[in-house]
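Subject: Structure for your review

Dear colleague,

Please find below the structure that I am handing over to you.

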Amino acid sequence: MAKYVITSKKGAPPQGAYSQGWRAGDFVFVTGTGPSDPVSNTITSDAIEKQTEQTIRNMESILEADGASLADVVKVTAHLSDISLFPGYNTTYASIFAKPHPVRTTVESGFADPKMLIELDCVAYAPKSAASAKKKTAKKPAGKKKR
């Protein structure tokens, strides 16, 4: 079984001693990811909806770094700084993840940065052969050869 680290330059950089993601066989594991803007490395909004969207986009960039996508996600764990933020978070989450939605656990947690309202991690099932097939079918068909 193949096992290796996944790194994305498009996502927010790690803030500690951890990897952005790992592939283990057909599964991709994405670390707890927050709402940091990958360019400025700062939390740019105090709205749960904007933070949720940025966090999911950061997670998506790590998945894409290894040929997976949000459509491959089977499990999400969500940490909210205050469970009363659930409705705004849930609406944004549901607008980004397609049905059927991944299984999910949501808990209230404390964060070191008081501006941070959300952290997500996920597990995706993305066999490499399926990822390769997706890329092949996405290619444009060859045009007619000139004579």
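A residue is called buried here if its relative accessible area is under 20%, computed with a 1.4 Å probe. Please note that the model is predicted.

Overall composition

The chain contains 3 helices and 6 strands. Read from the N terminus, these elements follow the order β-β-β-α-β-α-β-β-α. Of the 147 residues in the chain, 38% are buried. The chain exposes about 8,900 Å², and carbon and sulfur atoms supply 56% of that area. Among the contacts with a separation of 6 or more, 69% are between residues 24 or more positions apart.

The sheet

The 6 strands form an open sheet with mixed pairing, in the order β1-β2-β3-β6-β4-β5. Its edges are β1 (3–6) and β5 (103–108); each has a single partner strand, so one side of each is left without a neighbour in the sheet. From one strand to the next, the twist averages 15°.

In general, the strands of a sheet pair through backbone hydrogen bonds, in either a parallel or an antiparallel sense. Here, β3 (residues 27–33) and β6 (residues 118–125) are paired in the antiparallel sense over 5 bridges. Within this pairing, Val30 stands opposite Cys122 in β6.

The helices on the sheet

Helix α1 (residues 48–64) lies across β1, β2 (21–24), β3, β4 (73–80) and β6, and runs at about 35° to β6. Helix α2 (residues 86–96) lies across β4, β5 and β6, and its direction is at about 155° to β5.

The length of α1 can be checked. At 1.5 Å a residue, its 17 residues should span 24 Å, and its end C-alpha atoms are 24 Å apart, which agrees.

How far is α1 enclosed by the rest of the structure? Of its 17 residues, 12 are buried, so α1 is largely enclosed. The buried residues are Ile48, Gln51, Thr52, Gln54, Thr55, Ile56, Asn58, Met59, Glu60, Ser61, Ile62 and Leu63. They pack against β1, β2, β3, β4, β6 and α2. As a general point, an α-helix has 3.6 residues a turn, so residues three or four places apart point the same way.

With kind regards

Technical notes: Residues are numbered from 1 along each chain as its sequence is written. This is a predicted model: local features need pLDDT of at least 70, side-chain atom pairs count only at pLDDT 80 or more; totals for chains, interfaces and linings use all residues. Side-chain values use heavy atoms; hydrogens and water are left out. Two strands pair if DSSP finds at least two bridges between them. Helices (H or I, at least four residues) and strands (E, at least two) are DSSP runs, numbered from the N terminus. Axes are lines fitted to C-alpha atoms, for helices over the stretch in contact, and angles run from 0 to 180 degrees between N-to-C directions. Contact means heavy atoms within 4.5 Å. The expected span of a helix is 1.5 Å times one less than its number of residues. Buried means under 20% relative accessible area, exposed over 50%, partly exposed in between (1.4 Å probe, protein chains only). Accessible areas come from the Shrake-Rupley method with a 1.4 Å probe; for residues, only the protein chains shown count as cover.
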